[in-house]
Amino acid sequence: MNTPDQKWPRLAAAARQAQDARDTAAPYGFATRLAALAMAQERAAISLLERFSLRALGLAALLAMVCVATNYATFAGLFRDDATISPSTDDPVAEIVDLVS
Amino acid sequence: MAEDESFDLAGCLERVRRRDQAAARALVDHLYPLVIRIVRAHLPRRVAEEDLAQDIFLKMFTRLEQYKGAVPFPHWVSRIAVTTCIDQLRAQKRRPEFRWADLSENEADVLDAVMTNENDVEAGDALAAHELVHKLLDQLKPDDRLVIQLLDLEQKTIAEISSLTGWSPSLVKVRAFRARRKLQKLFQELEQKERP
């Protein structure tokens, strides 16, 4: 019997002698079909992105306008000089001192 | 052909990036021999070689923007081909049992010759030896199978395998060791079974 270590190398050496005579050229129409498929796939991915990003941009702009319209009063108030608020109105300590005295 | 030195690969890639379909066709035709050799060497059972080649080319086109030219383009494509094949092999979880009864007469003769010192494997039995080797390789884990095939059948170096698979040289050596030990065990099991 062979030693176990020799069996696989002998078999592999014999297998390496096998010549693969099969044609390695692309089958007729393979490249054409594949090129069309690859380009179509890429185009679909791009157009999907384009469509979604444009929609998202439009929606974001619309939401921004609605926000400004509904909160117009608040926004306008920010830029007005607002000195009408009394500093003691919301001071609980002052209120307690007032009650005690 | 991938060996065709007159082919302007850089120019062709540039045109493919500009979405030139004729250039894409030329690129597929140029690389097909390289890809189909890898596919045929690592083709899992019940998978059509043309389907696997198509998957590889589609991956190549999808990832083309990621190719920065750090390695030659055919090498980059080879890596895609090898990893696609290994993914397919991993997907086939069930491995068929290896039995004398499933071997052809020529394959059984080759196995006999290998397991005894009496006869050398005849040159005419190379094809049977090739078939037998693949039946034995089917018994291995996909990663181990890939390593032993690249190492012992395609006679690539550890560094080349490491570069093709992305695995470290130590991992490649571990997988080769594990694969050879499993093959040794298979031969021992076959010795214990009588040839019918």
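**Exercises on a predicted two-chain model**

The crossing of α2(B) and α4(B) is right-handed. The model is predicted. The exercises begin with this helix pair.

**Exercise 1.** Find how the axes of α2 and α4 of chain B are oriented to each other.

Solution. Step one: locate the helices. Helix α2 of chain B covers residues 21-41, and helix α4 of chain B covers residues 73-91. Step two: take the angle. Their axes cross at roughly 30° and come within 10 Å. Step three: apply the cut-off. Angles under 35 degrees count as roughly parallel. Therefore α2(B) and α4(B) are roughly parallel to each other.

**Exercise 2.** List the residues through which α2(B) and α4(B) meet, then sort them by class.

Solution. Start with α2(B). It gives B:Leu31, B:Leu34, B:Val35, B:Ile38 and B:Val39. Across from them, α4(B) gives B:Pro74, B:Val77, B:Ser78, B:Ala81, B:Val82 and B:Cys85. Now sort. The contact has 10 nonpolar residues, one polar and no charged ones.

**Exercise 3.** Describe the secondary structure of chain A and state what share of its residues is buried.

Solution. Count the elements: chain A has four helices and zero strands. Read them along the sequence: the pattern is α-α-α-α. Then take burial. Of the 101 residues in chain A, 11% are buried.

**Exercise 4.** Describe the side of chain A that touches chain B.

Solution. Count the contacts. 27 residues of chain A are in contact with 37 residues of chain B. Next, find the elements of chain A that give two or more residues to this side: α1 (4-16) and α2 (30-70). Finally, sort the chain A residues by class: 18 are nonpolar, four polar and five charged.

Note on methods: Residues numbered from 1 in each chain as written. Chains lettered and ligands numbered in written order. Predicted model: local features only at pLDDT ≥ 70, side-chain atom pairs only at ≥ 80, totals over all residues. Contact = placed C-beta atoms within 7 Å. Nonpolar A, V, L, I, M, F, W, Y, C, P; charged D, E, K, R; others polar. Buried ≥ 20, exposed ≤ 12 C-beta atoms within 10 Å, placed from the backbone. Axes fitted to C-alpha atoms, helices over the stretch in contact; angles between N-to-C directions. Parallel < 35°, antiparallel > 145°, perpendicular 65-115°, else oblique. Left-handed = near helix turned anticlockwise from the far one by under 90°.
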